[in-house]
Amino acid sequence: MSAANDPHLEVKDLTMAYGDFLIQKDLTFNINHGDIFIIMGGSGCGKSTLLRHLVGLKTPAKGTISYHGVSFWDAPEDEQAKLMQKIGILYQSGALWSSMTLAENVAIPLERYTPLSRKEIDEVVSLKMALVGLAGFENYYPSEISGGMRKRAGLARAMALDPDILFFDEPSAGLDPISAKLLDDLILELRDSLGSTVVVVTHELASIFAIGSNSVFLDPETKTMIAGGDPNDLLNNCPDPKVQAFLRRGIEASHP
Amino acid sequence: MDDRSQAVAFLSEFAKQAGATRVTVRDGGIEAWDSALLTFLRSLGAITRERGETLDLSGLPEGARRLLTLADAVPERKGARRTASTKSWLTRVGERSLKGFEDFGSSIHFLGELTQAFVAMLRGKAKYRKSDLFAIIQECGPEALPIISLISLLVGMILAFLGAVQLRMFGAEIFIADGVAVGMVRVMGPLMTAIIMAGRTGAAFAARLGTMQVNEEVDALQTMGFSPMEFLVLPRALALILMMPLLTIYANIVGILGGAIIGILMLDLTPAQYYLQTIGAINLQAVLSGLMNASVFGVLVAISGCMQGIRCGRSASAVGEATTAAVVNAIVYIVVANAIIAVIQTVTGF
């Protein structure tokens with residue numbers, strides 16, 4: 001599925017920092033159409049911060065992030081708004097708006113960006129809810145459902161506008177192994193059926209190997225990327241001991 | 001010095017005197033041990049290492065040896081240790097001052113953004129949910145009535161009591177009605193309502209928006225192209241600005257009623273007397289000036305609550321700090337604004 005010369009998202013010389021505090025520097029990688037791109041690395045290495053940069057929530061200290069060749073941070077505001085409509089994000093906690101029902105949560109982006117009638121919006125909402133396996137829960141509030149269901153509802157909202165590219169921030173965090181596996185399957189299914197590009201921030205090895213087709217590995221000590229590519233290739237061919245230790249759950253590292 | 005460090009000092013001194021190069025610890029058949037043993041051995045280990053002596057722990061229970069090995073397994077990360085804050089007094093004053101300027105700048109920025117949102121609303125371009133606006137109006141209007149009733153009634157009664165003691169000496173009890181009416185309408189009505197709303201609604205705004213910040217709900221809004229200012233802050237500010245004058249009118253009436261209760265029950269005034277005296281004491285100008293105060297206070301409570309909420313950090317303690325700051329700032333703003341308005345009114349005679 002992944003076409004090597006068809007970059008959807010290009011990151012070039014990206015440096016991320018909070019004020020004077022450097023998070024990561026010199027990140028350069030491409031995310032191709034149809035990729036399931038994994039952003040991995042140990043806790044605190046800046047994975048989620050990278051995601052916040054990619055989706056336009058945080059301005060880079062240096063470098064460019066381009067969607068289809070259009071540099072996000074150099075684009076005028078209305079262009080940025082258009083780009084952001086093509087992005088869907090599932091936040092770590094689901095980030096559903098707690099004062100609204102699940103259906104209202106999913107409907108909001110549709111009300112904002114589409115000329116659809118109320119009835120059509122309701123139909124789209126019901127479709128998205130069914131796709132994530134939450135048919136019948138339209139009128140529940142986020143506080144009334146479980147964490148796994150909240151994530152799936154968040155996914156329904158992220159998919160509301162049929163985005164070209166879907167971002168997942170630690171999708172399996174806090175889920176039991178079965179729910180996590182189901183979510184992985186759902187991600188694969190969505191990629192294959194919708195043809196979206198998927199970017200996943202995770203450190204779940206099972207997910208990384210099961211769904212990842214490309215990746216970048218961030219290192220908290222040198223504060224930059226030390227590897228990239230298909231995670232299965234990295235497992236077999238990457239010589240870097242940190243990458244090996246990570247992908248093999250530290251087995252090589254703690255018992256050299 | 002406690003027992004343990006005394007023991008360490010004694011042992012190391014003893015080893016030094018004896019010219020030993022090797023210190024051996026044996027357990028002497030102990031059956032139970034806890035962290036006290038481990039901390040003792042770690043201190044001993046540090047000293048022997050420093051002197052280049054060898055510490056032989058092979059005579060210890062296996063569990064203790066393994067835990068000590070585990071504690072030393074991951075070397076301390078270089079540069080990670082942080083000494084407890086030793087910043088000088090001057091540095092701290094400087095940092096606080098810089099932070100103060102920064103906060104002031106960000107408040108001005110917030111005000112600017114809010115004004116833009118209001119302009120967008122007037123032009124019909126602001127994106128917020130009408131249903132949210134009505135829910136917030138319900139929350140900070142009608143639902144505040146019980147507490148406003150209680151406080152205003154008591155404030156009215158207190159004003160009457162205070163006046164009664166003084167005025168009775170002159171046989172001028174009837175003027176209680178004037179005192180209560182003017183006091184409530186011009187000052188106490190708007191002020192008490194504003195303080196109640198700061199504690200009740202300002203805090204709720206800060207906590208609500210702060211929690212939304214922690215839950216990434218604000219991020220989700222932004223990435224979907226909604227301005228948090230229009231979607232979250234605007235309806236809250238609007239609701240409070242609309243509700244504050246109405247709540248104040250209500251507080252005035254209840255306060256005057258409280259005064260009347262004292263006047264009628266304790267000072268033997270008749271209801272008609274009290275009513276006529278009250279009507280004579282207040283005029284439209286007094287009421288309007290009170291309501292103007294109320295509107296200003298509404299804006300201040302809304303701004304400080306929403307600003308703290310939106311600027312909240314991403315932790316539970318940050319939400320607590322935001323809520324505290326929202327209430328404290330709102331009350332300070334209200335009192336300062338009240339003083340400024342009082343001066344302006346005195347000078348202009350309004």
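User: Which residue of β5(A) does Y67(A) stand opposite?
Analyst: In this predicted model, local features need pLDDT of at least 70, side-chain atom pairs count only at pLDDT 80 or more, and totals for chains, interfaces and linings use all residues. Residues are numbered from 1 along each chain as its sequence is written, while chains are lettered from A and ligands numbered from 1 in the order in which they are written. Strand β4 (residues 62–67) of chain A is joined to β5(A) by 2 bridges, and the two run antiparallel; strands (E, at least two residues) and helices (H or I, at least four) are DSSP runs numbered from the N terminus, and two strands pair if DSSP finds at least two bridges between them. Within β5(A), the residue opposite Y67(A) is V70(A).

User: Which strands stand at the edges of the sheet in chain A?
Analyst: The open sheet has 4 strands with antiparallel pairing, in the order β2-β1-β4-β5 (chain A). Two of these strands each have a single partner, so one side of each is left without a neighbour in the sheet. They are β2 (21–32) and β5 (70–71) of chain A.

User: How many residues does chain A bring to the contact, and which element supplies the largest share?
Analyst: Contact requires C-beta atoms, placed from the backbone, within 7 Å. Chain A gives 15 residues and chain B gives 10 residues. On the side of chain A that touches chain B, α2 (77–85), β6 (87–90) and α3 (102–113) of chain A each supply at least two residues. The largest share, 3 residues, comes from α2(A).

Conventions
Two residues are in contact if their C-beta atoms, placed from the backbone, lie within 7 Å.
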